[in-house]
Amino acid sequence: MKPKLSIIYIYYNTPKEIVGSISSLRDAVKNISYEILIVNNASPKKLPQEITQNKKIAVLQNIENVGFGKAVNQAGEKTKGQYLLVINPDTLCMKNSIFLMIEQMEKDKKIGVLGPQLQKQNGEILHSIGSVPKLPDSIFVFSFLNKLFPSNSYSKKYWARDVDRNLEQETDTIGGACMLFRKSVFLKVGGFDERFFMYFEEIDIC
């Protein structure tokens, strides 16, 4: 029987973190069937044995670091699930969180990609949504100007600082730490643009 969900990790030097993340999945998925695919992007630190010896986990080994987007695409081609969860190895899942995300996707067929509310360990909500950066925004957001003028309107718009992150809503972009894709949509847009080695590939695909 095919799993409903395929969970994709890109591994690079995070042995402790990925063990914790995978351990948190069991209570997060509830009764949803799933598979786990890990792409080892030529990490100098080896994957822990408890992962490599787990028959429920498939590991794809790259001989060089091909970047985040390309590695996700590699795994995506081999997945069997209806949904793809792309998640960072240092992300821990709360109880029922993935189950609720898929439940929402099942309710609303218009959703192509969904992101959860992300929190720090102390409960502080992270800025995991935002707008598409245009040139004026980028000049402020990604330069020393943002530090000189932290309340500037460009950064405020880019980080969507006025948005209530406790509410369900449509947004331009979601953070790449945890993204749930409808697989049919992921394939239709061609996956991640592999010209992005790391950073901004999630903004581009959104």
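**View 1. Asp-193 forms a salt bridge with Arg-195, with 2.6 Å between the closest N and O atoms.** A salt bridge here is a side-chain nitrogen of Lys or Arg within 4 Å of a carboxyl oxygen of Asp or Glu. This is a predicted model, in which local features need pLDDT of at least 70 and side-chain atom pairs count only at pLDDT 80 or more, while totals for chains, interfaces and linings use all residues. Residues are numbered from 1 along each chain as its sequence is written, and side-chain values use heavy atoms, with hydrogens and water left out. Asp-193 is buried, at 18% relative accessible area, whereas Arg-195 is exposed, at 74%. Buried means under 20% relative accessible area, exposed over 50%, and partly exposed in between (1.4 Å probe, protein chains only).

**View 2. Glu-106 forms a salt bridge with Lys-4, the closest N and O atoms lying 3.3 Å apart.** Here distant parts of the chain are linked: Glu-106 sits in helix H4 and Lys-4 in the segment before strand S1 (5–11), 102 residues apart. Helices (H or I, at least four residues) and strands (E, at least two) are DSSP runs, numbered from the N terminus. Both ends are partly exposed, Glu-106 at 29% relative accessibility and Lys-4 at 28%. The structure holds three salt bridges; one of them joins Lys-120 to Glu-124, with 3.6 Å between the closest N and O atoms.

**View 3. The largest pocket holds about 1,700 Å³ of space.** On a 1 Å grid over the protein atoms alone, a pocket is an open set of points with protein on both sides within 12 Å along at least five of seven lines, and a cavity is a set of points where a 1.4 Å probe fits but cannot get out; lining residues have an atom within 4 Å of a point. Grid points are joined across faces, edges and corners, and a volume is the space filled by probe spheres set on the points. Look for Met-101, Leu-114, Gly-115, Pro-116 and Gln-117, which lie nearest the centre among the 50 lining residues. Helix H4 (97–107) is one of the elements that supply at least two lining residues, and H4 gives the most, with seven. The lining divides into 25 nonpolar, 13 polar and twelve charged residues. Ala, Val, Leu, Ile, Met, Phe, Trp, Tyr, Cys and Pro count as nonpolar, Asp, Glu, Lys and Arg as charged, and the others, Gly among them, as polar.

**View 4. The second largest pocket holds about 870 Å³ of space.** Of its 32 lining residues, Asn-88, Gly-176, Tyr-199, Glu-201 and Glu-202 lie nearest the centre. Strand S6 (129–130), strand S7 (173–174) and helix H9 (201–205) are the elements that give two or more residues to this lining; H9 gives the most, with three. By class, the lining has 17 nonpolar, twelve polar and three charged residues.

**View 5. The largest cavity has a volume of about 40 Å³.** Gly-115, Pro-116, Leu-118, Ser-128, Ile-129, Ile-174, Gly-175 and Cys-178 line this cavity. Five of the lining residues are nonpolar, three are polar and none is charged.

View 6. Ala-42 lies between strand S2 (34–40) and helix H2 (49–52), and Asn-96 between strand S4 (83–87) and H4. Ala-42 is partly exposed, at 27% relative accessibility, and so is Asn-96, at 24%.
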